[in-house]
Amino acid sequence: MEESTENVSRKPSAIRVSDPRTASTACRCLEAGPRAPDIDTPRYIGVDETEGRFADVTLERCTRCECLWLRYQVEYEAFAKSGRWAAAPIAEDAATAMTPELAAGYFDSAAWYIYGGSYWGHAGKRGRGPLRWGLVG
Ligand SMILES: [Zn+2]
């Protein structure tokens with residue numbers, strides 16, 4: 001049973017797009033990353049303790065286009081403007097094999113990703129290439 005929590009009236013005749021390849025050209029998650037209320041309950045992969053990051057690694061599925069995202073999030077609580085995250089689309093089989101320790105490297109080799117947070121000074125942009133997760137350097 002899937003019950004929407006939305007209060008807004010639904011368009012009764014709206015065609016539900018279920019093909020991710022069709023929807024992906026239009027879905028806002030591809031420009032801003034997956035975000036509420038367009039995501040299912042995240043699947044928790046674990047914590048990446050590499051270099052003391054204690055990064056939260058999760059899988060989030062966009063409920064609009066059904067794209068699956070790998071999300072990596074770091075927050076150094078004692079340090080202002082240290083918070084940052086990245087999210088990249090990931091195939092189901094790759095997601096099944098994903099571990100917390102492998103997650104950061106996935107972004108380095110991804111074709112592109114969305115990244116944001118106070119450390120980078122924006123709420124989400126497209127990028128590619130290696131990301132910095134440490135407090136310094
Ligand atoms: Zn989407």
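This is a predicted model: local features need pLDDT of at least 70, side-chain atom pairs count only at pLDDT 80 or more; totals for chains, interfaces and linings use all residues.
1. A residue is called buried here if 20 or more other C-beta atoms lie within 10 Å of its own, exposed if 12 or fewer, and partly exposed in between, with C-beta atoms placed from the backbone. By this criterion the buried residues of helix α4 are Pro100, Ala103, Ala104 and Phe107. They cover an arc of only 90° around the axis (the arc being that of the directions from the helix axis to the C-beta atoms), so they fall on the same side of α4. The face turned away from that buried side carries the exposed residues Gly105, Asp108 and Ser109.

2. Residues are numbered from 1 along each chain as its sequence is written.

3. The protein has four helices and six strands. Helices (H or I, at least four residues) and strands (E, at least two) are DSSP runs, numbered from the N terminus. Along the sequence, the elements follow the pattern α-α-β-β-β-β-α-α-β-β. Of the 137 residues, 24% count as buried. Two residues are in contact if their C-beta atoms, placed from the backbone, lie within 7 Å. Among contacts with a separation of 6 or more, 51% come from residues 24 or more positions apart.

4. The strands form an open sheet of six, in the order β1-β2-β3-β4-β5-β6, with antiparallel pairing; two strands pair if DSSP finds at least two bridges between them. Because β1 and β6 stand at the edges with a single partner strand each, one side of each is left without a neighbour in the sheet. On average, neighbouring strands are turned by 20° against each other, direction ignored. Axes for such angles are lines fitted to C-alpha atoms, for helices over the stretch in contact, and angles run from 0 to 180 degrees between N-to-C directions.

5. Helix α4 packs on this sheet and touches β1, β2, β3, β4 and β5, its direction making about 90° with that of β1. The cover over the buried residues of α4 includes these strands, β1, β2, β3, β4 and β5.

6. Five of its seven residues are buried, so β3 is largely enclosed by the rest of the structure. On one pairing, six bridges join β2 to β3 in the antiparallel sense, and Val57 stands opposite Tyr72 in β3. On another, β3 and β4 pair antiparallel over six bridges. In that pairing Trp69 stands opposite Pro89 in β4, and Val74 stands opposite Arg84 in β4.

7. Leaving aside residues up to four places away in sequence, Ala86 touches Tyr72, Phe107, Tyr113, Ile114, Tyr115 and Leu131. As background, nonpolar side chains tend to be buried together in soluble globular proteins.

8. Strand β6 (residues 122-127) lies largely in the open, because the number of buried residues among its six is zero. Four bridges join β6 to the antiparallel strand β5 (residues 113-117), and the bridge partner of Ile114 in β6 is Arg126. The two strands form a hairpin with four residues between them, and Gly121 in the turn has a positive phi of about 80°.

9. Most residues other than glycine have a negative phi, and most peptide bonds are trans. Glu66 has a positive phi of about 65° although it is not a glycine; this residue lies in the turn of the hairpin that β2 and β3 form with six residues between them. Glu66 is partly exposed, with 15 other C-beta atoms within 10 Å. Lys81, also not a glycine, has a positive phi near 55° and is found in the loop between β3 and β4. Lys81 counts as exposed, with 11 C-beta neighbours inside 10 Å. A cis peptide bond, with omega about 0°, joins Ala36 and Pro37, and Pro37 lies in the loop between α2 (29-32) and β1 (43-48).
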